[in-house]
Amino acid sequence: MAFSLLRVVSSIEISAGLGFADSDSSSLVANTAGEVVMSSEQKVYDVVLKQAALVKDQKRSEIVVDVKPDMVIPGTMYLLKEAYDRCGEVCAEYAKTFYLGTLLMTPERRRAIWAIYVWCRRTDELVDGHNASHITPTALDRWELRLEDLFAARPYDMLDAALSDTVSRFPVDIQPFKDMIEGMRMDLKKSRYENFDELYLYCYYVAGTVGLMSVPVMGIAPESKATTESVYNAALALGIANQLTNILRDVGEDARRGRIYLPQDELAEAGLSDEDIFNGKVTDKWRNFMKIQIKRARMFFKQAEQGVTELSQASRWPVWASLLLYRQILDEIEANDYNNFTKRAYVSKAKKLLSLPMAYGKSLISPLSHTQSSLLRV
């Protein structure tokens with residue numbers, strides 16, 4: 001995760017070959033009425049500052065805590081240890097590579113990350129799962145009320161109880177969780193994005209939030225000289241990069257559901273329309289458009305890289321594994337000649353296995369040694 005001491009740069013001038021906009025002007029955009037309003041980037045950065053302040057003020061992530069195996073969840077017959085174990089089982093089933101990486105983390109951090117993963121998965125399943133067609137805004141409102149209850153130590157079930165315990169032990173704020181639910185609301189009512197500013201906000205809601213939830217649990221390396229804000233910005237960049245990669249991988253699948261998660265203004269600038277997406281033909285216009293979109297996603301991965309090094313050593317491997325594996329999906333899209341209409345880009349098992357030792361090697365690089373090597377390259 002590359003550092004941005006001010007904020008993650010998300011306003012990209014396509015016509016200038018992806019040149020970065022000025023940091024002051026990029027925080028303001030004009031709406032359709034010509035009014036100057038705060039950009040999505042700035043809105044998200046304000047959330048980042050709040051999360052970073054919590055870690056600075058509380059520092060609870062450095063306290064060694066453990067789950068008492070005989071601690072009974074109030075109002076149930078469940079043991080808290082059983083709740084965390086069940087979260088681990090779900091993580092192992094649906095995110096095998098990430099789960100393996102979490103095994104290197106300290107027990108208390110590992111269990112907390114499992115609990116966060118399970119809540120995020122359950123939230124995503126509301127709009128993408130088998131019952132998605134029956135989900136209404138009211139159902140999401142109820143899910144948010146349930147979230148508030150678990151933050152108030154009133155869990156509804158075993159899986160909620162694990163997260164409820166986690167947020168009582170680490171400086172995890174409710175806002176990123178609420179923002180993820182807001183992303184689910186967007187999926188119910190929105191199927192087009194006029195520009196990248198709109199898409200950036202969506203990517204933050206559904207994926208960038210995960211980074212903000214996780215940093216307090218994963219912890220920052222004691223020897224790190226980076227600001228807390230920069231580490232959070234890097235975690236946010238990784239979430240944005242992952243979601244942009246998801247979008248580029250799933251263009252055809254989303255189109256068959258009537259959804260286009262690509263900036264409409266950039267499509268028009270490339271001479272493309274919704275009909276071109278629905279027709280699903282790979283043309284030179286499409287290839288050129290995709291090259292620009294892939295370049296943007298790689299930029300966010302690059303921003304994410306150095307920040308991984310700033311995390312506590314035991315937490316780096318699963319994050320590095322996620323970054324390296326997801327970034328390879330972009331390579332596979334290119335290998336498929338940008339046909340993401342009928343071909344799904346995926347990383348083979350062999351490549352995944354090769355990535356794991358590489359990720360582990362990178363996880364051993366300390367913030368200090370990384371800084372020194374960077375200075376030598378200057």
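The protein chain exposes about 17,500 Å². Carbon and sulfur atoms supply 55% of that area. The model is predicted. Of the 378 residues in the protein chain, 53% are buried. The secondary structure comprises 16 helices and 4 strands. Among contacts with a separation of 6 or more, 74% join residues 24 or more positions apart.

Two helix pairs were examined. Two packed helices are described by the angle between their axes and the distance between the axes. Helix 4 spans residues 107-128, and helix 8 spans residues 196-218. Their axes come within 9 Å. The crossing angle is roughly 165°. An angle over 145 degrees counts as roughly antiparallel, so helix 4 and helix 8 are roughly antiparallel to each other. Their crossing is right-handed. Helix 4 contributes R109, A112, I113, I116, W119 and C120 to the contact. Helix 8 meets these residues with V210, M213, S214, V217 and M218. By class, the contact of helix 4 with helix 8 holds 9 nonpolar, 1 polar and 1 charged residues.

The second pair joins helix 9, residues 228-249, and helix 14. Helix 14 covers residues 313-335. The axes of helix 9 and helix 14 come within 10 Å and cross at roughly 30°. Angles under 35 degrees count as roughly parallel, so helix 9 is roughly parallel to helix 14. The crossing of helix 9 with helix 14 is left-handed. On the helix 9 side, the contact involves L238, N242, T245, N246, L248 and R249. On the helix 14 side, V319, S322, L323, Y326, I329, L330 and I333 take part. The residues of this contact divide into 8 nonpolar, 4 polar and 1 charged.

Backbone geometry was also examined. Most residues other than glycine have a negative phi. A153 is not a glycine, yet its phi is positive, at about 65°. A153 lies in the loop between helix 5 (137-151) and helix 6 (158-169). The relative accessibility of A153 is 55%. The cut-off for exposed is over 50%, so A153 counts as exposed.

D337 is not a glycine either, and has a positive phi of about 60°. The loop that holds D337 runs between helix 14 and helix 15 (349-363). D337 has a relative accessible area of 37% and is therefore partly exposed.

Notes: Residues are numbered from 1 along each chain as its sequence is written. This is a predicted model: local features need pLDDT of at least 70, side-chain atom pairs count only at pLDDT 80 or more; totals for chains, interfaces and linings use all residues. Side-chain values use heavy atoms; hydrogens and water are left out. Helices (H or I, at least four residues) and strands (E, at least two) are DSSP runs, numbered from the N terminus. Buried means under 20% relative accessible area, exposed over 50%, partly exposed in between (1.4 Å probe, protein chains only). Contact means heavy atoms within 4.5 Å. Accessible areas come from the Shrake-Rupley method with a 1.4 Å probe; for residues, only the protein chains shown count as cover. Axes are lines fitted to C-alpha atoms, for helices over the stretch in contact, and angles run from 0 to 180 degrees between N-to-C directions. Angles under 35 degrees count as roughly parallel, over 145 as roughly antiparallel, 65 to 115 as roughly perpendicular and the rest as oblique. A crossing is left-handed if the near helix is turned anticlockwise from the far one by less than a right angle, and right-handed if clockwise. Ala, Val, Leu, Ile, Met, Phe, Trp, Tyr, Cys and Pro count as nonpolar, Asp, Glu, Lys and Arg as charged, and the others, Gly among them, as polar.
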